[in-house]
Amino acid sequence: MSIATNAAGVEFRNVTRRYGQAVAVNDVSFSIRAGDLVTLLGPSGCGKTTTLRMIAGLEMASSGTILIGGKDMTRLPATDRNVTMVFQSYALFPHMTVAENVAYGLVVGGMRKAEAAEKAAAGLDLVGLSRYGQRLPSELSGGQQQRVAVARALVLEPEVLLFDEPLSNLDAKLRRKMRDDIRDLQQKLGLTSVYVTHDQEEALAVSDRIIVMNRSVIAQIGTPTDLYRRPRDRFVADFIGGANLIEAELIGRADGVATVRVGHAVLPVPDADVAADLPLGGVLLAVRPNAIRLRAEVGTGNGVPVTVRKATYLGSHMEYGLTSALGDLFAIDTNVVNPVPAGTTVTARFADDGVMVVPR
Amino acid sequence: MRHSSALWVVLGWVGFALLPWFSSAATQLSVNPPGAGLAGSALIDGLANGRWWLVPLLVPLTAGVGAVALPRHHPLHPWLLLVGGAVGLLWTVVQGFAIGLNGWSWSGLAALFGPLPQGQGAFGLGAALTMTAFLFQTTSGFAGLGCMKGDRFTAGAIGLVLLSIALFVFLPVGFVLSSAGDGGAGGFSPLALWTRLTAPDIWRLNCLYESRSCGVVWNSVFLATMTGLLTTLLGLAFALVAVRTGFRAKGLLRMLTVLPIITPPFVISLAVILLFGRTGTVTLALADWFGIPPSRWIYGLPGVLLTQTLAFTPIAFLVMIGVVQGIGPSLEEAAQTLRASLWVTFRTVTWPMMRPGVANAFLIGFIESLADFGNPLILGGNYDVLSTKIYFAVVGAQNDPGRAAALGIILLGLCLGAFWLQRRWLGTKSYATVSGKGDNGVPPALPTGVRVAAFATAIPWAVFTFILYGMVLFGGFTENWGRNNSLTLRHYRNAFDLTWGEHGLIWAGRAWDSLFTTIQVAGLSAPLTAAVGLMTAYLLVRQRFAGQGAFEFFTMLSFAIPGTVIGVSYILAFNQPPVELTGTMAILILCIVFRNMPVSIRAGVAAMSQIDRSLDESSLTLGAGNLQTIRRVILPLLRPAIVASLVYSFVRAITSISAVIFLVSPQHELATAYIVGRVEQGDFGLAIAYSSALIVLMGAVIALIQLVVGERRIGRRTTDRLALQEKPV
């Protein structure tokens, strides 16, 4: 018996969720294509988990419409939706064996015992745990429990598979492996998956598309490259990849290249989709830490004179805290052989790649 | 889910048209008209026997049918169910209370509508079923309108719990209030209420300036304050010894905490009489050695204070253990690294953190003492307290329910006041530092002075307690304690004799009847208590709905209602139509269920809070409904808590006295009431033999269950000992 796929799309239309006076999710609209893995990313309290739970049916929208597979599911409770979820705590039933856990959804759904057991075995096989069926969850390691939770959610052949910060209880090394495994499985089965995390690196690694949320609303939706290269506002620029935000002035644009004045320097900023919509005038320049190059020579060309306040050796790279006329800057340099010592004054140049214009 | 509302509609009709509407209690026969049709259902009775007020129920019943006939998502469907059910329920209740055995219950109604040709009896099977059906129709309607996330099960459960609490807690208490103001002519008179509430023998203060006794309120409050203080001090001493010293026999101290559960409350009094009564061991010894003449000093304040302190110290001990354990050792270690000495650490860190817990223990002792009935009854002598006054106002020569009710109101007010204070205190001043994470660290030793004081208080008291229990167990084997100490099995034979007659085994002992009734009542009430308690706990912990705070408050409020008040209120409320239960076993069971329910709720809440909510949610996302989730996930995980809850309900049903003593009848006599009766007759031998048999039986039950449950845990802490052992007062 194999696990089939019923992937379906998800659509939110103007969905709001209120708790009394507080608004957890405010007028959110998006759509997720069938077969995509989409990540809800944002700082804690931004509404991403509430959004996920509304897809599951564990929270009810206060207003708006939720469609799954083109059908209106807004008022349907979790029980009646074909959506399963992998919980942050895994939520394995401690009084059932691994096999019973995986078969649970099938059994309560009315499948015959033998058939359910067979299908559960197929599910466990899929996550590489076929030999562990008779154990109790407490006898498995964290990573194995995680796989059981995934298998349990998969065997129901859900239209949408939800992940609520699934890796947050694992150590760093295992996290990387599980992240790849989840992505492989999702692509192999063509599942529609929604994945919640606050870890931007994890989001960039696994997602087809990312929905960045902040303060109950969607900040930006896009592919990982989109979000990293073309952030729409200062929040996204800073939250994904980190950025030095510098006050600047947009003084002209032509052929997809914007001209920006920063202090005394004038910079061309390429690929400025966002900047194309901006009126001339005050903007913010978002500079990735690794786009700042430190040069020993002082006072030439478009460079900005900076003083190294702090230099930290991290093995693969150096981290610098810089003081300049533009404010404090944060830079990363892979040159660990000849680091710039703290206290010296050097020139910082901005590489073409990694500098963006966002609205103020 | 649609067929479930259809089912309730059908059951509503069954109760209305097919089953006997009135109960067949004795009072019913006198009003039953001749020739009632098919078992006297409401439909037949209303149409054929002139009880026209039953006929309008057809309207809400038809509304239910209309709702079910409508298509599933028709907007009128929930409204019809809701309005139909609510109107039906309301009409049934209103007509039930408005029309009694002899027509209108209130003369005002008769004047308004003219006299009725006949009255009606108490609700029977049909009425109960129809009302239940109306209730669930209403809740289905609510759920259909989107309340409780549209979940019919939750809505129904809330409705059920609310209605039962209203019927079996608040309605009786309401009867107490109204009958305290009974002006004699059946009407409510504020003047009568005022007169009763301010009677001089309740409030007078003349013990302060002449040698007469004070008002009963002052007696009660003084006794309760003293008991609260003493039990708190002793409990603190015990807790410090048990938690903060290297004392070896901690197991023995722990045993102390089990004793109040398995001991009927008045047993301590019996033991104290064996020691200090006129023929008590100590009294006789003193007379022999020092020529002190035996006297009856123990009957009165000293005796009651002594027994209450003995009886309630274990409860204070339990509370204080929680408090002392709750202080994270790291705080005290921090104080010590900041150069505080042992004594300074205790004074500036440990003690201030314990203070709210100490206040809590005091209030619990205060409430327990106020509500205690058995000890003052046996040892009170001329020292009247509220609970015994209430009892004698009902059963004694006075037979004045109005006075009993007035005293009940005062007692209730005192208990609720203390309960309110306790809640407030706990709510705002709790410093409990125990979190999910273990707090590593070793608690520092106690300062020498404190340690000596704790040992010097706790050890003698513990020894004293164990001696008393020893006396009880031994006393049943002596011929006549103090006068003739020869050993005999006479009392046990008297109580538990078995003979072999020509028709087989004959339960010839005098105690068998009450013992069997007791076990039956306890056995029936335990599962009900556990079920109601766990369902309420589930609603409180696992569901979110509007008005949840009020819901929790009402369920816990019954915790603070003293047993004597409950007893009186049940008599007042349930000895007449529409709900007539006095003299039945049902009233005993109901009373015990609703008195023990809060304990069961606490235990359920404690256990359920430890089951992560994501387990339910994952079950829901996997396609299981609420009921399936409860059955397959929550209940299996709660199994240890359920077993414990069952056992404690069972044991407590057997040992309770204060409420049930009002409700027992010759056919349904309970063990505790029987023993108290023996004591009042002066038959100490049998009473003591029976008590010790009960104690041993209960102890065995608890030990057995702890053995069984203890081994079936699945690696998580299950029930809160404290929650289980707190008693309703």
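This is a predicted model: local features need pLDDT of at least 70, side-chain atom pairs count only at pLDDT 80 or more; totals for chains, interfaces and linings use all residues.

Trainee: Understood. How many residues does the contact take from chain A and from chain B?
Mentor: Chain A gives 23 residues to the contact, and chain B gives 21 residues.

Trainee: And how much area do chain A and chain B bury between them?
Mentor: The two chains bury about 1900 Å² between them, with 66% of it on carbon and sulfur atoms.

Trainee: How many salt bridges does the rule find across the interface?
Mentor: The rule finds one salt bridge across the interface of chain A and chain B. There is a salt bridge between the side chains of A:Arg53 and B:Glu617, at 2.5 Å from N to O.

Trainee: Let us turn to helix packing in chain B. At what angle do H4(B) and H5(B) cross?
Mentor: Helix H4 (residues 58-69) and helix H5 (residues 76-98) of chain B cross at roughly 160°, and their axes come within 8 Å. Angles over 145 degrees count as roughly antiparallel, which is why H4(B) is roughly antiparallel to H5(B).

Trainee: Which residues make that contact?
Mentor: From H4(B) they are B:Pro60, B:Ala63, B:Gly66, B:Ala67 and B:Val68, while H5(B) brings B:His77, B:Leu80, B:Leu81, B:Gly84 and B:Gly88. Six of the residues in this contact are nonpolar, four are polar and none is charged.

Trainee: Is the crossing of H4(B) and H5(B) left-handed or right-handed?
Mentor: The crossing of H4(B) and H5(B) is left-handed.

Trainee: What about H7(B) and H8(B), at what angle do they cross?
Mentor: Helix H7 (residues 125-144) and helix H8 (residues 152-180) of chain B have axes that come within 8 Å and cross at roughly 135°. H7(B) is therefore oblique to H8(B). H7(B) passes H8(B) in a right-handed crossing. The residues of this contact comprise six nonpolar, five polar and one charged.

Trainee: One last pair. How do H26(B) and H28(B) cross?
Mentor: The axes of helix H26 (residues 585-609) and helix H28 (residues 626-655) of chain B come within 10 Å, crossing at roughly 150°. These two helices, H26(B) and H28(B), are therefore roughly antiparallel to each other. Their crossing is right-handed.

Trainee: Which residues meet there?
Mentor: Among them are B:Ile592, B:Asn596 and B:Val599 in H26(B), and B:Ile634, B:Leu638 and B:Arg652 in H28(B). The contact of H26(B) with H28(B) has eight nonpolar residues, four polar and one charged.

Methods: Residues are numbered from 1 along each chain as its sequence is written. Chains are lettered from A and ligands numbered from 1 in the order in which they are written. Side-chain values use heavy atoms; hydrogens and water are left out. Axes are lines fitted to C-alpha atoms, for helices over the stretch in contact, and angles run from 0 to 180 degrees between N-to-C directions. Helices (H or I, at least four residues) and strands (E, at least two) are DSSP runs, numbered from the N terminus. Angles under 35 degrees count as roughly parallel, over 145 as roughly antiparallel, 65 to 115 as roughly perpendicular and the rest as oblique. A crossing is left-handed if the near helix is turned anticlockwise from the far one by less than a right angle, and right-handed if clockwise. Ala, Val, Leu, Ile, Met, Phe, Trp, Tyr, Cys and Pro count as nonpolar, Asp, Glu, Lys and Arg as charged, and the others, Gly among them, as polar. Contact means heavy atoms within 4.5 Å. Buried area is the accessible area (1.4 Å probe) that two parts lose on being put together, summed over both. A salt bridge is a side-chain nitrogen of Lys or Arg within 4 Å of a carboxyl oxygen of Asp or Glu.
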